Amino acid sequence: MGQQTAVAPAENEQPLSADLCWLLSRASYTLTTELTAALEDLGLSPRAHCVLSAAMTGDYTQTELAQMSGLDKTTMVVTLDELEKAGLAERRPSEEDRRARVIAVTDEGKRTVRKGERIAERIREDVLAALPAEDREVFLDSLSLLVSDRLAEPVHCSKSVRRRAPRV
């Protein structure tokens with residue numbers, strides 16, 4: 001058997017350009033990093049902004065918010081502790097179930113979310129401007145469909161999937 005030689009990618013093609021997992025992961029990491037930097041002055045992380053935004057839409061328990069945001073229980077507890085400490089959210093007794101506590105966004109939290117939404121919208125528009133105008137809605141609709149259908153729930157795996165910052 002002869003030796004196989006590696007085929008070099010075309011000049012402008014990245015070696016992982018067809019790897020869906022890598023593409024989504026890279027886009028997520030880069031966008032999250034940009035949002036993190038942009039929200040720093042508000043004392044808010046993208047995760048905290050997501051939790052506060054979701055909490056503003058109804059009376060949700062910590063568990064319900066964790067499910068909506070795609071966070072594990074421990075991360076949700078830490079996030080809510082930080083939000084309470086900053087005066088942006090409170091755990092309050094539920095009116096429907098006295099054993100449950102709902103997450104309420106404070107007035108300061110609502111102001112902070114609105115400021116964060118303006119920042120996130122600016123970044124969103126800037127990022128989507130890299131696509132041709134006619135592709136932007138199709139891209140978002142397709143990504144939403146994937147996330148709400150085929151990629152709605154992670155499968156169980158024996159090893160925890162963790163994200164690390166790339167080595168520089």
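**Cut-offs and values in a predicted model**

Me: Why is Arg 99 called exposed?

Reply: The relative accessible area of Arg 99 is 71%, and the scheme used here (buried under 20%, exposed over 50%, partly exposed in between, with a 1.4 Å probe and protein chains only) therefore places the residue in the exposed class. The model is predicted, and local features need pLDDT of at least 70, side-chain atom pairs count only at pLDDT 80 or more, and totals for chains, interfaces and linings use all residues. Residues are numbered from 1 along each chain as its sequence is written, while side-chain values use heavy atoms, with hydrogens and water left out.

Me: What makes the contact between Arg 99 and Asp 97 a salt bridge?

Reply: The closest N and O atoms of the two residues are 3.2 Å apart, and the rule asks for a side-chain nitrogen of Lys or Arg within 4 Å of a carboxyl oxygen of Asp or Glu, so the pair qualifies. Asp 97, at a relative accessible area of 27%, is partly exposed. By this rule the count comes to 7 salt bridges, including one between the side chains of Glu 90 and Arg 92 at 2.6 Å, N to O. Glu 90, at 32%, is partly exposed, and Arg 92, at 38%, counts as partly exposed too.

Me: How do you know that Glu 125 and Arg 124 form a salt bridge, and which residues do shared partners join into one network?

Reply: For Glu 125 and Arg 124 the closest N and O atoms are 2.9 Å apart, which meets the salt-bridge rule. Elsewhere, salt bridges that share partners join Asp 81, Glu 84 and Arg 91 into one network.

Me: Why is Ser 94 called buried, and where is Ser 94 found?

Reply: A relative accessible area of 12% puts Ser 94 in the buried class, and this residue is found in the loop between β1 and β2. Not counting residues up to four places away in sequence, Ser 94 touches Ala 100, Arg 101 and Val 102, a contact meaning heavy atoms within 4.5 Å.

Me: What makes β1 and β2 a pair of strands?

Reply: Pairing requires that DSSP finds at least two bridges between two strands, and β1 (residues 89-93) and β2 are joined in the antiparallel sense over 5 bridges, so they count as paired. In β2, Val 105 is the bridge partner of Ala 89, and 4 of the 5 residues of β2 (residues 101-105) are buried. The chain holds 6 helices and 2 strands, both being DSSP runs numbered from the N terminus (helices H or I with at least four residues, strands E with at least two).

Me: How do you know that α1 is close to its expected span?

Reply: Helix α1 (residues 20-39) has 20 residues and reaches 28 Å from first C-alpha to last, close to the 28 Å expected, a span defined as 1.5 Å times one less than the number of residues.

Me: How many disulfides does a search of the whole structure find?

Reply: The search finds 0, a disulfide being a pair of cysteine sulfur atoms within 2.5 Å. Cys 21 is exposed at 61%, whereas Cys 157 is partly exposed at 39%.
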